[in-house]
Amino acid sequence: MRTLPELLFATAEKHPEVRALFDPHAKPIVEMTYAQLLQSVKAFGAGLLKEGLVPGDHIALFADNQPRWFISDLAIVGIGAVDVPRGSDTATAEFEFILEHSGAVAAILHNRKLFDRLAGTAAFQKLKFVVLMDDSEGVQQADGQRIFRFSDVLEKGTEHEEDFVSATKQVTPDTLATIVYTSGTTGSPKGVMLTHGNLMTQPLNVDISITPDPGDILLSILPSWHAYERAVEYYGLRYGTTLTYSDKKYIRDDLLKLCPHLLPCVPRIWESVYKGIHTKLKSAPEKKQRLFKFFTQAGYRYVRARRTAFGFTLDKKPVSAARRMAAYAEMMSLLPVFKVGDKLVFSKLRQVTGGRLRAAITGGGNLAPYLDDFFELAGIPILNGYGLTETSPVLTVRTLNRNVRGTVGQTIANTEISIRSDNRQVVADGETGEIWARGPQIMRGYYKNPEATSKVMVEDGWFITGDIGYITPAGDLVIS
């Protein structure tokens, strides 16, 4: 598997009857097997070809999480075209810039409301055609611009699915798949060009020490257009998981009702869970509060001793054998109390995630130490990772076998991290400096912006992240 369509075909062939997509909040509820997902992608991709889209064309994909986003993405990149994604909450001026700068020839929009926002802009009026995901009818079109319902494009392509299959055979790892624009908080947004080869590094090289089972619930709550959520969805696609759609307003109930196995998220979700637990505790009987306090205090001592005993600490120098032995002795002395606390207290905390969470992968910022401590104590496996849109995005991630709190883990396969000084010299482990990265996930460059590209992509394939950190003696990356 070298390209995204090859990944889709392989999974659909291996797990045709496994549920691929599930949106319990849609009206009506959406459920789709991998066989049905493949059929929809082929039909939609063929429909786009019938409307004149050709390999290499850029098409705006302005929409939020939903099954039709995933179908659109796989259909666009499957025919060798390039999608330009963005969420519907983006400012109108930024939409205009992205449409103009990317040279998009068409757009797929979340709904009629977004269409009405963009319809009067000059860049939008240049589009050859527009597809509305919500199947809105009676939309006023600009001169010469065609407006289609999503279902119309699907229907049009149903009889021509072989056109899609033929187009996928021309896609290679070097084929440009997407242009993802940065936020533009420090100037105009920059368009990050990612190829099929870049994007495929994520499902092929990310290893968190477990292999998801077909049908495992992978909860989708982050914006699909973000490189992180997108990489997670491709990772789930590889293993035949069930991509299940939620939202911040549903998340607490969905954790209990859907009982996910995999949860890609950001630190603020765990901040919310932590606050919720402690707010509830304040109204509990005093005896219960004292019990909680006793077992958590003893538990913190236990898990910190365990980290030292097994070498999962942030020490900038190797831990001595004597210190590890002392920590092991302390850990064993606290083990009976910890086991009782786990039965009486911590096991109940795990129920807030549904009780069958295999891993929660978090990115987009450091996890606060108090959160790392608390959820390790509770036995909720949170794996912090690091990367950028320009790196597709994952560079490093903690694993279940090496979950060193306070770090963002070690590099994924075929990836290098180097820490450099101000004069670009490599520094020793434990010394802080600028983080450089090298690997097959590094972007092709910024679209139509060679000057910005040359500033971050330097000699020998290295990419300058602009972030500061250090590498521990054991090889774990810490972001400063």
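Author: Let's start with a definition: two rings of Phe, Tyr or Trp (its six-membered ring) pair if their centres lie within 6.5 Å, and the pair is stacked with planes under 30 degrees apart, edge-to-face over 60 and tilted for the rest.

Reader: How many aromatic pairs does the structure hold?

Author: There are 15 aromatic pairs in this structure. One of them is stacked: Phe 44 and Phe 150, at 4.2 Å centre to centre with 15° between the planes. This pair links distant parts of the chain, since Phe 44 belongs to helix α2 and Phe 150 to helix α7, 106 residues apart. Helices (H or I, at least four residues) and strands (E, at least two) are DSSP runs, numbered from the N terminus.

Reader: Before we go on, what kind of model is this?

Author: It is a predicted model, in which local features need pLDDT of at least 70 and side-chain atom pairs count only at pLDDT 80 or more, while totals for chains, interfaces and linings use all residues. Residues are numbered from 1 along each chain as its sequence is written, and side-chain values use heavy atoms, with hydrogens and water left out.

Reader: Is Phe 44 buried or exposed?

Author: Phe 44 has 0% relative accessibility, so it counts as buried (under 20% relative accessible area; exposed is over 50%, partly exposed in between, with a 1.4 Å probe and protein chains only). Phe 310 lies in the loop between α13 (286-309) and α14 (321-350), and Tyr 328 is in helix α14, so the pair ties together parts 18 residues apart in sequence. Phe 310 is partly exposed at 45% relative accessibility, and Tyr 328 is partly exposed at 42%.

Reader: Which residues form one aromatic cluster?

Author: Find Trp 270, Tyr 274, Tyr 370, Phe 374 and Phe 375 in the picture; together they form one aromatic cluster.

Reader: Back to the helices. At what angle do the axes of α2 and α7 cross?

Author: Two packed helices are described by the angle and the distance between their axes. Here, α2 (residues 34-50) and α7 (residues 150-158) have axes that come within 7 Å and cross at roughly 90°. Their relation is therefore roughly perpendicular (65 to 115 degrees; under 35 is roughly parallel, over 145 roughly antiparallel and the rest oblique). The α2 side of the contact is made by Gln 39, Ser 40, Ala 43, Phe 44, Ala 46, Gly 47, Leu 48 and Lys 50, and the α7 side by Phe 150, Val 153, Leu 154, Lys 156, Gly 157 and Thr 158. Contact means heavy atoms within 4.5 Å.

Reader: What does Ala 107 touch?

Author: Setting aside residues up to four places away in sequence, Ala 107 touches Ile 59, Ala 60, Leu 127, Phe 129, Val 130 and Val 131. You can find Ala 107 in strand β5 (residues 106-109), where it is buried with a relative accessible area of 1%.

Reader: Which residues does a cis peptide bond join, with omega about 0°?

Author: Most peptide bonds are trans, and most residues other than glycine have a negative phi. In this model, a cis bond joins Lys 27 and Pro 28, and Pro 28 lies in the loop between β1 (19-23) and β2 (30-33). The bond from Ser 392 to Pro 393 is also cis, with omega near 0°; Pro 393 lies in the loop between β14 (382-387) and β15 (394-397).

Reader: What is the phi of Asp 135?

Author: Asp 135 has a phi near 60°, a positive value in a residue other than glycine, and it lies in the loop between β6 (129-132) and β7 (146-149). Asp 460 also has a positive phi, about 60°. Its place is the loop between α16 (450-456) and β20 (463-471), and at 59% relative accessibility Asp 460 counts as exposed.

Terms used: Axes fitted to C-alpha atoms, helices over the stretch in contact; angles between N-to-C directions.
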